[in-house]
Amino acid sequence: MHKQRTNAIVTLYHKLGSPPSFYRISGYFLKWLLLLSIGLLIWGLYEGLVLAPADYQQGDSFRIIYVHVPAAWMSMFVYGIMGLCGIIAIIWRMKVAEAVMMASAPIGAWFTVIALVTGSLWGKPMWGTWWEWDARMTSELILLFLYIGIMATYSAFSEDSRKAARMAALIAVVGIFNVVIIHFSVKWWSSIHQGTTVSLMGESHITWDMLRPLLIMAFATKFYYGYSMLKRARIYLLETESHKRWVQDTVNESNNGDKS
Amino acid sequence: MNPFLALVKRDLTLGLRRKSQIYQPLVFQLLVVTMFPLGLGSGAKTLALIAPAVIWILALLASLLTLDQIFKNDYDDGSVESYVLTSYPLPLSVMAKVLAHWLLTGLPLVLFSPIIAVLLHLPSSSYGVLMLSLLIGTPIFSFMGSIGSALTMSLKHGGLLLTILVMPLLTPVLIFGASAVVESSLGNSATQPLLLLSGLLVLSFTLVPFASAAAIKINLE
Amino acid sequence: MPLIKATDIACQRGHHLLFEPVSFELSLGQSLLISGPNGIGKTTLLESIAGLRTIQQGVIHFNDIELSKNKDNWFDQSFFIGHRTGNKKELNCLENLRSFLQIQGIQISEQQAEDALQAVGLAGYEYQFAGSLSAGQKKRLALARLTLIDFPVWILDEPFVNLDVEGCDWLLGILKQHMDNNGLLIITAHDNREIQELVSHKLLLESSL
C-alpha cells in the first residue's frame with residue numbers, strides 16, 4: 001500500500017519532469033487558472049477599492065495596498081520559486097525546471113516593478129516624497145536588480161539555451177542566499193539611519209473588512225502567476241525542443257484542430 | 001609545492017609582471033576622489049561627512065575594474081584546464097585564485113586607503129577602523145567577484161554583465177563597511193558592523209568557492 | 001577488459017546532437033583516431049571524454065566504473081592537451097612548463113624542464129616569454145609536457161597543427177614510444193597520413209542530420 005503511494009508520487013514527478021507530459025498536463029489547467037485569476041481580481045479590486053472602509057488616518061490613499069502588497073508578496077514568492085527551480089536545474093538538469101525558472105523571471109520582475117511604482121505613488125501622500133529609502137523599498141529595488149541580472153545572464157548565453165539556463169540558475173541560487181542577507185542588512189541599515197519612520201505596512205490595526213480584499217488579491221495574483229508562468233514555460237519548451245518529435249506532433253495536431 | 005601554492009605563486013608572478021592590474025585601480029581611485037571637491041566644494045566638513053561612503057564606494061568600484069580578470073585570462077589561453085582537469089578539488093583552486101587576486105588588488109586598496117582618507121578629511125581617529133573594515137571587506141569583493149568572473153569568462157565583453165550581477169550581491173558589504181567607518185568617525189563603537197562584516201567574510205569563504213567551481217564547470221560546456 | 005569503454009555517446013550544441021552516437025572500446029597499448037568534417041564536434045567529443053564537459057548522452061566506463069563517478073581516478077591517469085595551449089604569455093618557457101604541471105600536482109625539477117624544452121627543439125628559449133614565441137613554438141611548448149608525465153592515457157586535440165615537418169616527426173616518435181610503453185592514445189588529426197598508420201582504431205563521426 002505504502003509502496004504504491006510513493007510510486008504514484010515518483011511517477012507524477014517523472015511525468016512533470018518530461019517536457020511532453022508537462023506540456024500536456026499544464027494545458028488542462030491554463031483556462032481554469034486564467035478564469036480564477038480574473039474572477040478573483042475583479043472581486044478583490046471591487047471589495048478593496050469600493051467596499052472596504054476608508055482608513056481613519058490615510059483616507060482613501062491607503063487603498064493602493066490592494067495592489068502594492070500583493071505585488072510585493074509575489075515579487076518574493078516568484079523569486080523563491082526560481083531559486084527552487086534553479087537548484088533542481090543545476091543538480092538534476094531537469095529541463096522543465098529550467099523552463100519554469102526562465103518563465104518566472106519576467107513575471108517576477110514586473111511584479112517587482114509594480115510594487116516599486118505603487119509604493120512610490122503611495123509615498124507621495126504618506127511621506128510627501130516620491131521616493132524614500134525605507135528598508136522595504138530598498139530591498140525591493142535590489143530584488144529588481146537581481147531579476148535583471150538573471151535575465152541578462154540568460155540572454156548573454158542565448159546561443160546555447162541549456163547552458164544559459166543553467167548559468168541563470170546558478171545566479172538565482174546564489175541570489176536566494178543573498179536575498180536573505182540583503183534583506184536583513186538593509187533592515188539593520190535603516191534602523192540606525194532613520195530610527196522609526198512610518199513604514200508602509202504600519203502596525204495599525206487592520207480590520208477584517210480591510211484584510212479580506214487583500215487576501216483575495218493575494219490569491220488572484222498567485223493564480224495569474226500560475227497561468228502566465230505555465231503559458232510562458234510551454235512556449236519556452238516548444239522553442240527549445242523544436243527539433244523533437246513531440247513538438248512537431250503537437251504543432252500538427254493544433255493545425256488540424258484549427259482547420260476542422 | 002602543492003597545487004594551491006603553485007597557483008597562488010603563478011598568479012602573483014603574472015600580476016607583478018602585468019602591473020597595470022595593481023596600479024590602475026589606485027589611479028582610478030585618486031582620479032575619482034579628485035572629482036568630489038571639484039563638484040562639491042572643498043569644505044572640509046562636507047567632505048568629512050561623505051568620506052566613509054565615498055571611500056567604500058570607491059573601493060567597490062576599483063575592485064569591479066579587475067574582477068573579470070580572475071578567470072577570463074585563464075579561459076582565453078586555456079590554462080583553466082590545468083586546474084579543472086585534475087583530482088585536486090576545484091573549490092580549493094578557486095580559493096587560490098581569489099587569494100592571489102586579493103593580494104594583488106584588495107591589499108593595495110587597504111594600504112592606499114589612508115591617502116584617500118586624508119584627501120577627504122576623514123578624522124584621523126577613524127583610520128584604524130577604516131583599514132580594518134577594508135581588510136575584512138575587500139576579500140568578500142574578490143570572493144563574490146569570482147562567481148561573476150566564472151560566469152562571464154567565456155564572454156567577449158562580460159564586464160558590464162559582471163557588474164550587474166555582482167553589485168547587488170555586494171550591497172551588504174557596503175552597508176556594514178561604510179557604517180563601521182561612520183560610527184567610528186562619530187566617536188561611537190564600530191564593533192557591531194565589523195562583526196557583521198566578518199560574518200559575511202566567513203560565509204563567502206565557506207560557500208562561494210563551491211558556487212564559482214560550479215559556474216566554471218557550467219561555463220566550459 | 002578494456003580500460004575505456006564508451007557506449008552510445010553523443011554531444012550536443014544547444015539542443016541538437018552534433019553527430020550520430022558512437023561507441024568504442026580501448027585497452028592499454030591501443031589508440032584511437034577520431035576524424036570527421038569540420039564542425040562535426042571532434043573537439044567537443046574530445047573535451048567531453050577528457051572531462052572538461054559533461055557527456056550529455058551515453059556513458060563512458062573507465063576501469064569498469066562510470067566515468068562521472070570515477071573522476072578523480074580518471075584525472076590522475078589521463079592527460080589532455082586541447083587547441084588552447086594553456087601557456088601564459090607573461091611567463092617564460094621554463095616557468096610555463098613547471099607551473100602548469102605543478103598546478104596539476106606534478107613536480108618537476110628545473111633540469112627536467114630544461115631537458116623537455118631541449119627535446120621539443122626549444123633549447124635556448126628557456127628564458128623567453130611565451131608571448132614572444134611563434135604559433136608552432138607555442139604548440140611545442142605545450143607538447144613538451146608529454147615528455148614529463150607518466151599518465152597512461154593521452155588525449156590530444158589536433159596536436160600536429162602549426163608544427164613544421166621536424167616537429168611532426170618528433171611528435172610521431174613520442175606517440176609511437178607512448179604506444180610501445182603500453183600507453184593509450186585518443187587523438188584528432190586532420191591531415192596527417194603517418195598517424196593513420198600508427199593508430200590501432202579509427203572512428204569517423206557522421207552528421208546526425
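A residue is buried if 20 or more other C-beta atoms lie within 10 Å of its own, exposed if 12 or fewer, and partly exposed in between, with C-beta atoms placed from the backbone. P152(C) is partly exposed because 17 other C-beta atoms lie within 10 Å. This is a predicted model, in which local features need pLDDT of at least 70 and side-chain atom pairs count only at pLDDT 80 or more, while totals for chains, interfaces and linings use all residues. Residues are numbered from 1 along each chain as its sequence is written, and chains are lettered from A in the order in which they are written.

**P152(C)**
- P152(C) sits in the loop between α5 (135–143) and β9 (153–157) of chain C; helices (H or I, at least four residues) and strands (E, at least two) are DSSP runs numbered from the N terminus.
- Beyond its neighbours within four places in sequence, P152(C) is in contact with L28(C), Q77(C), G183(C) and L184(C), contact being C-beta atoms, placed from the backbone, within 7 Å.
- The C-alpha atoms of P152(C) and M179(C) are separated by 9.5 Å, at 27 residues apart along the chain.

**Chain B**
- Chain B has nine helices and zero strands.
- Buried residues make up 55% of the 221 residues of chain B.
- Of the contacts in chain B with a separation of 6 or more, 81% join residues 24 or more positions apart.
- The C-alpha trace of chain B spans about 55 × 35 × 30 Å along its principal axes.

**Chains A and C**
- Seven residues from chain A and four residues from chain C make up the contact.

Terms used: Contact = placed C-beta atoms within 7 Å.
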